[in-house]
Amino acid sequence: MKLLGTQTSPYVRKARLVLLEKNITHEYVIDPPNDPNSQVSRANPLGRIPALILADGDCLFDSTVIADYADQLNDTPILIPRNDLLARMRVKRWEALADGIMDSAIVLRNEKLRSTNQQEAAILTLHTEAIVRALTHIATQLGDKTWCEGAAITLADLALVSALIYLDLRVAEINWRGDHPNLARWFERMSSRASVITSLTN
Ligand SMILES: N[C@@H](CCC(=O)N[C@@H](CS)C(=O)NCC(=O)O)C(=O)O
């Protein structure tokens with residue numbers, strides 16, 4: 001299978017971390033959708049990454065679908081609980097929170113690419129506040145736990161680390177480490193995982 005993405009997209013990182021953590025053999029192809037030669041829009045009519053092309057040519061999108069599919073390919077480890085409905089919901093809810101942070105961070109990034117006099121203060125405030133609130137909620141839920149949910153790594157951890165890496169990259173003015181030292185400690189631990197290092201370097 002072939003994962004189309006870029007090094008900066010947080011959704012791509014999340015999908016890639018799932019493949020890496022589960023040791024699923026795949027080719028990772030850097031393919032920015034705005035490149036004239038990009039194959040992304042042929043794989044995903046929405047023209048967005050990540051897109052996962054399977055051996056038979058079928059293509060999966062978006063990152064939540066890819067994560068769900070990849071997680072069922074093997075059990076080592078199981079990243080989305082399968083039988084416990086509430087545990088499954090909680091992991092998916094963490095994912096929704098992390099994805100929501102990514103969504104708002106991308107809006108902020110796009111807004112800031114406009115000239116200063118064209119930027120909408122209301123949009124900047126709305127999305128900054130959403131991120132700040134979500135981080136406060138996340139830090140409270142996390143406390144001093146090793147993992148977001150349960151006794152082992154799950155998709156929740158992979159989604160959250162992807163969102164935080166993106167904040168550092170694009171919305172560095174949000175001082176989440178200073179505001180939430182427990183989140184900073186959790187992030188340091190997650191950052192030393194082989195999958196995260198690979199996703200940042202290759
Ligand atoms: N909800 C989608 C969001 C995917 C998305 O918006 N990807 C962005 C990159 S971060 C994209 O492909 N944008 C089009 C572009 O970069 O040209 C997912 O989870 O996969």
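**Notes on the fold, a helix pair and two spaces**

1. Let's start with a helix contact: Leu135, Ile138, Ala139 and Leu142 in α5 meet Asn182, Leu183 and Trp186 in α8, where contact means heavy atoms within 4.5 Å. By class, six of the residues in this contact of α5 with α8 are nonpolar, one is polar and none is charged. Here Ala, Val, Leu, Ile, Met, Phe, Trp, Tyr, Cys and Pro count as nonpolar, Asp, Glu, Lys and Arg as charged, and the others, Gly among them, as polar.

2. A word on the source: this is a predicted model, in which local features need pLDDT of at least 70 and side-chain atom pairs count only at pLDDT 80 or more, while totals for chains, interfaces and linings use all residues. Residues are numbered from 1 along each chain as its sequence is written, and side-chain values use heavy atoms, with hydrogens and water left out.

3. Back to the pair: α5 (residues 121-142) and α8 (residues 181-191) pack at an angle of about 75°, with axes 9 Å apart. Axes are lines fitted to C-alpha atoms, for helices over the stretch in contact, and angles run from 0 to 180 degrees between N-to-C directions. The two helices are therefore roughly perpendicular; that label covers 65 to 115 degrees, with under 35 roughly parallel, over 145 roughly antiparallel and the rest oblique.

4. For the overall fold, the protein chain has nine helices and four strands, in the order β-α-β-α-β-β-α-α-α-α-α-α-α from the N terminus. These are DSSP runs, numbered from the N terminus: helices are H or I of at least four residues, strands E of at least two.

5. Now the largest pocket, with a volume of about 710 Å³. Its lining has 25 residues, and Ser9, Tyr11, Arg48, Ile49 and Ile106 lie nearest the centre. Helix α4 (85-113) gives the largest share, six residues. By class, the pocket lining has 11 nonpolar, eight polar and six charged residues. On a 1 Å grid over the protein atoms alone, a pocket is an open set of points with protein on both sides within 12 Å along at least five of seven lines; a cavity is a set where a 1.4 Å probe fits but cannot get out; lining residues have an atom within 4 Å of a point. Points are joined across faces, edges and corners, and a volume is the space filled by probe spheres set on them.

6. Finally, the search finds one cavity of 30 Å³ or more. Thr6, Gln7, Val12, Arg13, Arg16, Tyr28 and Ser199 line the largest cavity, and α1 (residues 10-21) gives the most, three residues.
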